[in-house]
Amino acid sequence: MTKDGKQFDRHVVTILNELEIARKEISRNQEQMIRLGLPPIISQFYFPQITPGLTENKLLRRIEPYEEKGSAILLKMLKDGTLDMSLLSSTTPLTDKNLKAHIISKANFKIIVSPQHRLANRKSVTFNELVNENFINLNSSFIHAEVFKHFAHEAHFRPTIIFQTSDVPLLKSLVSQNTGISLLTDLALKNTDDLVALDIETNIPLNFIVSIAYRRSHILTPNQSKLISLLTDKK
């Protein structure tokens with residue numbers, strides 16, 4: 001293939017992708033539904049907080065949720081048109097040139113331990129103090145995995161991970177039983193949890209950022225605009 005042919009092929013692929021996205025968007029617009037991505041922690045612990053407002057504004061029945069996938073997978077689905085919009089988690093504001101994103105919530109990362117743990121009477125801890133601890137972690141589909149690597153790198157040691165899971169309630173239960181300790185956003189913590197949450201003393205604090213994102217090329221429907229207004233007003 002010539003250089004001009006390769007350039008033409010690249011444009012054709014882009015056009016065909018956009019046509020497929022347009023087909024998906026038009027189909028859902030006709031149904032007046034919002035195909036919304038919801039990562040696990042946001043689905044379990046943030047989304048229930050906003051459902052009263054969604055119900056009051058007659059939006060809840062218009063939402064077709066796509067759950068049980070991490071933010072990285074949902075981001076790809078948003079870009080290829082499978083989703084209209086998605087709630088996404090990140091540690092820094094989303095800056096993808098093909099997306100518009102509005103930050104709607106921020107939370108902190110904590111070290112969680114059992115009330116019986118040796119650190120349970122502390123308010124904060126450095127990661128260096130955890131060198132001999134056993135960790136129960138969320139798996140690589142969560143941004144927690146990257147945050148954990150960041151703190152371990154900052155502390156210059158390789159932590160002992162005895163178990164990984166995608167099940168947040170299971171993780172909290174194991175920590176509560178003093179099987180190990182974990183890193184978790186305080187968005188996923190409740191007053192009823194039998195856990196102690198410790199601040200992380202660090203030179204580079206990281207936040208658990210929740211954003212609502214959609215494609216820049218996407219023309220928002222009235223329901224989608226109402227959803228964004230509701231979420232950004234709640235911030």
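This briefing looks at a strand pairing and at aromatic contacts in the structure above. The model is predicted, so local features need pLDDT of at least 70 and side-chain atom pairs count only at pLDDT 80 or more, while totals for chains, interfaces and linings use all residues. Residues are numbered from 1 along each chain as its sequence is written, and side-chain values use heavy atoms, with hydrogens and water left out.

- Strand β8 covers residues 182-185; strands (E, at least two residues) are DSSP runs, numbered from the N terminus.
- Ser182 and Leu184 on one side of β8, and Leu183 and Thr185 on the other, are all buried (under 20% relative accessible area, 1.4 Å probe, protein chains only).
- Strand β4 (residues 99-113) pairs with β8 in the antiparallel sense over four bridges; pairing takes at least two DSSP bridges between two strands.
- Across this pairing, Ile111 stands opposite Leu183 in β8.

**Aromatic pairs**

- There are six aromatic pairs, counted when ring centres of Phe, Tyr and Trp (its six-membered ring) lie within 6.5 Å, with planes under 30 degrees apart called stacked, over 60 edge-to-face and the rest tilted.
- Because Phe109 lies in β4 and Phe208 in β10 (residues 207-215), their pair ties together parts that are 99 residues apart in sequence.
- Phe109 is buried at 5% relative accessibility, and Phe208 is buried at 2%.
- Phe127 and Phe135 are stacked, at 5.8 Å centre to centre and 20° between the planes.
- Phe127 is buried at 3%, and Phe135 is buried at 0%.
- Ring pairs link Phe127, Phe135, Phe148, Phe151 and Phe157 into a cluster.

Key. Buried means under 20% relative accessible area, exposed over 50%, partly exposed in between (1.4 Å probe, protein chains only).
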